[in-house]
Amino acid sequence: MKRYLLYRLALLLPTLFGVLTLVFLFIHLTPGDPVDIMLGETASPADRQELRQILGLNQPLPEQYRSFLINFLRGDLGQSLYEGRSVAAMVRARYPATLELALCAMSTALVISFPLAIWSAVRCGRWSDRATLIFSLLGLSIPNFWLGPLVMIIFSIQLGWLPVSGRGGPDHLILPALTLGLGMTALLIRILRANLLRVLGEDYVQTARAKGLSERSVWLKHTLRNALLSLVTIVSLQFGSLLAGSLITETIFSWPGIGRLTMQAIEMRDYPLVQGCVLAIALSYVFLNFITDLIYRWVDPRITYGN
Amino acid sequence: METRFWLYAGAALLLLFTSVALFAPLVSPYDPLQQNLEQDLITHSAQHLLGTDKLGRDMLSRIIFGARISLLVGASTVALSLLIGVGVGSLSGYAGGIADLLCMRLIDILMAFPGILLAIAFSAVLGPGLDHVIVALALIGWTGYARLVRGEILSLRERDFVSAARALGCRPQRIIVLHLLPNLLPPIAIQATFGLAAAIVAEGSLSFLGLGVAPPTPSWGSMLNEGRQFLLVAPHLTTYPGIALMLTVFALNLLGDALQDRLGIQTAKRR
Amino acid sequence: MPDLSKQAIFSQNFSENILRRSLYFVSFAVAFTFLIAACRPTHRDRSSGYLIAAIESYPLQLDPRYATDANGVRIGNLIYNSLLRADPQSRLRPELAESLRLINDRTYGIDLRRDVKFQNGQPLTAADVKFTYESILDPKNRSPKRGNLKPLGAIEQTGAYQLRFHLFAPHSPFIEQLTLGIVPAASPANPAVPTQAPPGSGPFMLEAAEPGEQITLKRNPHYWEQAPALAGVTFRIIPDALVRVLEFKKGNIDLMQNDIEPDMVPWLERNTGADVGTYLGTTFQYIGINLTHPILKNVKVRRALAYAIDRDRLVRHILKGMGTVAGGVLSPLNWAYEENLQHWPYDPERAKQLLDEAGFPDPDGDGPLPRFTLSFKTTNIDLRRRVAEAIKEQLQKVGIELDVRSYEWAAFYSDIKKGNFHLYSLAWVGVLDPDILFQIFHSSNFPPAGDNRGHYSNPELDRLLEQGRAITNQKERRQIYARAQKILAEDLPYVPLWWWKNVIVKKPTVQNFIPYPDGEMISLKQTRWANTQ
């Protein structure tokens with residue numbers, strides 16, 4: 001296990017490095033000059049040049065890259081070009097909001113999908129099972145940029161039950177979590193249902209044989225582990241996609257998280273901020289995958305992870 | 001028995017969507033770009049079954065042509081992704097060594113980003129436009145196919161029939177194309193079906209964010225974007241494109257699911 | 001598939017285990033999440049008496065020496081006072097300056113009021129005014145307003161409350177620079193965030209700022225004019241226009257100005273009981289033209305464009321009447337406005353004729369082939385895109401093909417400044433002195449030095465604009481600028497579209513909010529709630 005851990009850590013480093021490089025390159029290739037925006041219409045070329053120098057945009061690309069890497073290692077992600085605050089601080093400030101939304105979306109997904117999956121598995125083959133499958137497939141197919149405004153209109157305006165936007169108490173969480181989590185809900189229903197069916201099927205075979213307790217406990221360990229495994233995989237993979245979905249959902253609901261910050265930063269061509277946000281999201285992804293791998297390995301050492 | 005029903009249902013919906021897209025000029029009642037400022041924001045009328053948008057353009061026609069755009073973007077994206085993915089995967093799997101290591105690192109790095117984020121970044125760099133969207137989406141979509149192909153090639157590489165072919169002096173390209181790839185058709189087909197659905201949604205997301213196709217091209221995503229401001233006064237502007245998008249993706253998911261069940265293969269579905 | 005009844009599941013031991021454990025996990029996850037949600041402090045309780053206004057972007061700077069974004073300037077004008085201030089009729093009136101006189105053609109003498117104090121209790125004296133202007137002029141401070149003060153040679157303090165501005169040469173438009181907010185002497189330069197902005201002397205002071213979310217001002221009880229009736233103002237940043245409307249309907253917002261989808265305005269009137277008012281404005285929307293382009297350099301082509309665009313129809317249907325068809329940069333509210341200008345009514349036949357004359361015949365008559373194609377750049381805002389598409393269709397009818405390209409603001413602005421365009425559409429905000437025409441059309445102002453992005457060069461106009469800024473007699477200036485506007489209306493380096501109307505949506509209980517033509521919110525100092533005196 002320890003060897004595997006070291007092996008995975010070793011693989012992690014080039015990935016991290018590659019992520020950093022890609023993020024750096026991207027932003028500097030986009031058209032649009034932040035200096036123009038900042039100084040406004042009447043600034044002279046000399047002023048512009050000066051600002052460029054101060055922000056470090058003056059230096060050749062490799063130099064900027066070098067400073068970028070060095071600063072990252074120090075935990076310094078630079079200053080936002082527009083607000084002047086530390087990017088790391090801004091990202092840190094907004095991250096909890098996204099985390100909250102993602103966790104809530106995930107729990108909502110779990111709360112809704114579990115009973116439905118069980119119910120569907122029990123009634124396998126009947127119309128209620130089919131209906132659940134259809135609805136879950138529909139749920140997978142609804143784009144969140146359509147669902148968001150739709151639920152906003154229905155629940156916030158027409159019915160007036162829930163607030164429109166922003167972050168506040170638990171009632172502010174419901175609509176965005178629903179929108180963000182619907183895809184995950186649908187997927188969970190399908191996968192849990194499939195797993196449960198498999199489990200129950202094996203159970204059926206087992207009881208038919210009616211062996212002793214020891215064999216049963218072996219099966220218990222095996223199937224529980226499988227169920228746990230698939231749950232863990234799904235949840236962690238999907239958590240990553242929740243982070244992705246937050247880009248649009250947060251924009252629709254004016255949720256003050258990383259997703260919305262990223263979109264705003266891209267629009268403003270605020271290079272350091274975009275870098276910081278994209279890094280935060282990408283690194284979370286990498287971290288999550290890493291943890292998933294470890295859990296996988298720990299739960300079932302027989303699984304060789306190569307593909 | 002049941003699976004076949006869904007297979008047919010999905011295929012039928014898809015066929016409808018494809019034929020509407022292909023025969024758009026014949027099927028649509030009006031030119032989707034034709035404006036009529038005086039007739040704006042009609043919800044429903046005899047002349048305009050699904051109403052008109054803010055510039056007086058017929059919604060039904062725009063939705064029909066939107067199918068064309070979605071299909072175009074989706075199919076091109078999948079084709080391009082396949083090309084890149086199969087190419088890189090074959091190289092990686094067959095050649096092994098440094099090439100394999102580098103390719104896998106590259107894939108890991110690309111997959112370290114949520115797809116939509118990369119798509120947004122690519123689009124922001126490349127600018128608006130249909131071809132840019134296709135390139136951006138393809139650049140993030142190829143990794144799944146590459147992994148698939150590589151895995152398969154790795155497992156089949158040492159088999160007898162491959163060694164035999166090598167002994168006979170076949171060039172690697174020939175071996176790959178004639179012997180190895182045909183085994184991959186089922187999982188690739190399934191991946192491609194879901195990939196098409198994902199590409200259509202991704203194009204919609206990009207257009208929704210204002211980064212996708214340029215106006216006045218009637219993409220469903222950009223229609224949703226344009227209609228959003230009128231949600232309170234003219235909800236039909238977002239309802240119909242939204243339903244169209246949902247049904248299309250639904251059909252593709254149905255088809256992909258059914259294929260998966262039939263071919264008995266579990267592949268990674270969600271990105 | 002075996003048909004298992006519910007009973008079968010629960011009779012099996014380990015499926016029951018799985019179920020139980022899963023339910024534990026689920027309940028734990030849910031409880032955990034709601035715990036987090038509940039633990040956060042719920043803020044945004046409405047402070048009593050505070051007005052909540054919605055704006056679409058967070059002010060980047062409040063310090064008047066650095067604020068260039070619209071919201072930064074407007075909110076800054078509530079915190080700071082200036083020597084002069086524009087009134088709702090766009091006329092400059094004294095604020096901090098008790099009197100202003102011209103000592104000679106290049107020197108202004110100012111006597112300050114003596115009863116003004118900054119929010120920190122310090123009196124506002126000539127030293128503060130001198131400091132403010134000098135700190136802008138200092139290149140080390142990198143103020144974006146430095147370019148505006150180029151004509152200023154030196155500021156001389158001639159008494160505790162007297163000072164003189166010495167210009168290098170006579171320059172009438174300079175007086176507009178006296179609307180700059182005044183900060184206390186020795187205020188640090190370039191505050192990194194709005195909360196670090198120096199204290200002001202205005203009717204409101206900065207109370208709190210949540211970056212990107214809201215900015216709260218509270219009443220300045222020691223204000224030298226009458227203290228505001230409002231206890232404070234909270235500016236909530238809501239970038240999405242739809243959400244702003246929805247929040248207004250829910251009652252969470254009391255006031256919003258502009259940036260509302262024109263079709264939503266009647267809805268707001270019908271569904272929210274809001275007070276909706278539209279007022280003439282000075283913000284000028286135009287089509288900018290690249291005059292170095294081989295086709296566009298021909299004045300007949302430009303005139304054809306003006307004939308081919310049905311501006312009335314655009315204003316009526318797309319803007320829903322929230323604009324006034326424009327004749328030029330200066331609106332009727334401007335003192336130098338000239339109304340006897342060449343007009344270009346909608347006349348597609350005339351347009352086609354002019355294009356034929358210019359040497360661009362239509363290759364296939366009424367068929368799909370265009371005479372030529374031009375690119376048209378615009379920003380990403382829905383309304384602008386819609387207008388662009390409508391214009392595209394109108395031009396199609398006369399055989400011009402427009403390639404509409406919309407960009408995010410950063411990319412758009414960068415292209416425009418570089419001259420990388422054929423046609424584009426943008427607006428000038430805050431037009432006060434007609435000298436803006438010098439900034440836009442004088443041949444010395446080609447980018448990157450100035451804003452003559454189309455590279456317009458007309459020696460006669462150049463001469464007129466140079467004269468206009470040197471003469472101080474307003475009557476004479478008026479005549480000069482009348483001539484200038486006539487030239488511009490005939491030559492069409494810009495195709496004028498319209499002057500936007502200001503739309504103000506507010507709750508009926510909000511009284512005394514007076515609209516300013518350029519969207520200023522200064523009247524918040526007089527605004528009050530109904531039922532209060």
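What follows is a short chat about a predicted model.

Visitor: Start with chain A. How many helices and strands does chain A have?
Guide: Chain A has eleven helices and zero strands. From the N terminus on, the elements run α-α-α-α-α-α-α-α-α-α-α.

Visitor: What share of chain A is buried?
Guide: Of the 307 residues in chain A, 57% are buried.

Visitor: And the contacts in chain A with a separation of 6 or more, what share comes from residues 24 or more positions apart?
Guide: Such residues account for 74% of those contacts.

Visitor: Now the largest nonpolar core. Which residues touch the most other members?
Guide: Phe113(B), Ile120(B) and Leu232(B) do, in a core of 137 residues. Helix 11 of chain A, residues 271–299, gives the most to this core, with twelve residues. The core also draws at least three residues from each of domain 1 (2–73) and domain 2 (96–299) of chain A.

Visitor: Switching to helix packing. At what angle do helix 9 and helix 10 of chain B pack?
Guide: Helix 9 (residues 220–228) and helix 10 (residues 236–263) of chain B pack at an angle of about 155°, with their axes 8 Å apart. Angles over 145 degrees count as roughly antiparallel, so helix 9 of chain B is roughly antiparallel to helix 10 of chain B.

Visitor: Is the crossing of those two left-handed or right-handed?
Guide: The crossing of helix 9 and helix 10 of chain B is left-handed.

Visitor: Which residues make the contact?
Guide: Helix 9 of chain B contributes Trp220(B), Met223(B), Leu224(B), Gly227(B) and Arg228(B). From helix 10 of chain B come Leu237(B), Thr238(B), Pro241(B), Gly242(B), Ala244(B), Leu245(B) and Thr248(B).

Visitor: Gly227(B) again: how many residues apart in sequence are Lys54(B) and Gly227(B)?
Guide: They are 173 residues apart in sequence, and 8.3 Å apart in space, C-alpha to C-alpha. Lys54(B) sits in the loop between helix 2 (24–27) and helix 3 (59–95) of chain B.

Visitor: Is Lys54(B) buried or exposed?
Guide: Lys54(B) is buried, with a relative accessible area of 4%. Leaving aside neighbours within four places in sequence, Lys54(B) is in contact with Asp40(B), Leu41(B) and Phe230(B) in chain B. In chain C, Lys54(B) is in contact with Asp263(C), His317(C), Ile318(C), Lys320(C) and Arg386(C).

Visitor: What is phi of Lys320(C)?
Guide: Phi of Lys320(C) is near 50°, a positive value in a residue other than glycine. Most residues other than glycine have a negative phi. Lys320(C) lies in the loop between helix 8 (311–318) and strand 14 (323–325) of chain C, and counts as partly exposed at 33% relative accessibility.

Visitor: Where does Ser254(A) lie?
Guide: Ser254(A) lies in the loop between helix 9 (213–253) and helix 10 (258–268) of chain A. Phi of Ser254(A) is near 50°, again a positive value. Ser254(A) is buried, with a relative accessible area of 9%.

Visitor: Last one. Where is Asn195(A)?
Guide: Asn195(A) is in helix 8 of chain A, residues 170–209, and counts as buried at 12% relative accessibility. Asn195(A) and Leu133(A) are 62 residues apart in sequence and 14 Å apart in space, C-alpha to C-alpha.

How values were computed:
Residues numbered from 1 in each chain as written. Chains lettered and ligands numbered in written order. Predicted model: local features only at pLDDT ≥ 70, side-chain atom pairs only at ≥ 80, totals over all residues. Heavy atoms only, no water. Core = buried A, V, L, I, M, F, W, Y, C linked by side-chain atoms within 4.5 Å. Buried < 20%, exposed > 50% of the residue type's maximum accessible area, 1.4 Å probe, protein only. Helix = DSSP H or I, 4+ residues; strand = E, 2+ residues; numbered from the N terminus. Domains from an automatic or database assignment. Axes fitted to C-alpha atoms, helices over the stretch in contact; angles between N-to-C directions. Parallel < 35°, antiparallel > 145°, perpendicular 65-115°, else oblique. Left-handed = near helix turned anticlockwise from the far one by under 90°. Contact = heavy atoms within 4.5 Å.
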